[in-house]
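Please look over the structure below, and then follow the text through its pockets and one of its loops.

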Amino acid sequence: MTTVGLIGSGQIGGTVARLSVAAGYQVVLSNSRGPETLADLVADLGPLARAATPAEAATAGDLVVISVPVLAFGKMPGAALDGRVTMDTCNYYPQRDGQIAELDSGSLTSSALLQRDLPGTAVVKVFNNIYYRHLLSLARPAGDPSRSFLPIAGDDPAAKSAVAAFLDSIGYGAVDAGTLAGSWRQEPGTPVYGPPYGPFGNTAGTPASAGTIRAALAEATR
């Protein structure tokens with residue numbers, strides 16, 4: 001059985017865990033505060049879930065989700081992530097993360113920064129552009145006409161294929177958004193970041209087709 005390891009189990013990480021368990025995956029959750037702080041979430045998710053340290057979650061995961069503040073990138077368990085496909089849900093918010101010159105200048109995207117920090121893993125940007133309540137409510141089975149799509153960006157085609165297959169299994173289609181260098185097109189402030197799935201006040205969300213996501217990506221400017 002495929003296991004999904006999560007480093008960071010907050011709003012997006014916890015929602016990905018919930019969708020994964022619903023699809024039959026085992027999940028290993030972690031955060032910076034220790035496994036014992038995840039007891040309530042693990043109990044809610046049921047027998048397919050357990051809590052561990054970040055290094056243990058990375059080692060256990062066939063696929064790994066990183067969902068932490070960008071300022072925590074340097075604390076990732078690099079050796080434990082070697083050889084893994086890593087889904088990067090993270091966004092750079094200077095007001096929270098502090099100013100990072102390479103991100104401010106645009107010489108790197110936040111995902112490219114994570115890839116540089118973790119050369120042994122294949123980073124794929126995904127889940128960063130959707131409100132967590134919409135991520136939970138908009139999941140639909142394959143073939144459903146109201147299925148929503150998420151942009152994914154990465155430099156490793158096999159890793160992107162693995163992430164697309166994972167998305168399909170938890171209720172989403174994937175739109176290839178290009179490389180990590182181009183992943184700024186799905187970062188905060190771009191047309192694909194939030195609006196395609198409806199306003200935050202509408203927790204049910206609005207389905208976003210592949211065409212809607214491609215059009216929003218094409219409208220992005222720097």
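**Pockets and a loop residue**

The second largest pocket holds about 240 Å³ of space, where a pocket, on a 1 Å grid over the protein atoms alone, is an open set of points where a 1.4 Å probe fits, with protein on both sides within 12 Å along at least five of seven lines, and a volume is the space filled by probe spheres set on the points. Of the 16 residues that line the second largest pocket, Leu-103, Trp-184, Glu-187, Pro-188 and Arg-222 are the closest to its centre, a lining residue being one with an atom within 4 Å of a point. Helix α6 (residues 101–105) gives the largest share of this lining, 3 residues.

This is a predicted model, in which local features need pLDDT of at least 70, side-chain atom pairs count only at pLDDT 80 or more, and totals for chains, interfaces and linings use all residues. Residues are numbered from 1 along each chain as its sequence is written, and side-chain values use heavy atoms, with hydrogens and water left out.

The largest pocket contains about 740 Å³ of space, and among its 35 lining residues Ser-67, Val-68, Pro-69, Thr-89 and Arg-96 lie nearest its centre. The largest share of the lining of the largest pocket, 3 residues, belongs to helix α1 (residues 11–22).

Turning to the loop between β6 (122–125) and α8 (132–137), one finds Asn-129 there. Asn-129 counts as buried because its relative accessibility is 2%, and buried means under 20% relative accessible area with a 1.4 Å probe and protein chains only. Leaving aside neighbours within four places in sequence, Asn-129 is in contact (heavy atoms within 4.5 Å) with residues including Leu-150, Gln-186 and Tyr-197.

Terms used:
Helices (H or I, at least four residues) and strands (E, at least two) are DSSP runs, numbered from the N terminus. Buried means under 20% relative accessible area, exposed over 50%, partly exposed in between (1.4 Å probe, protein chains only).
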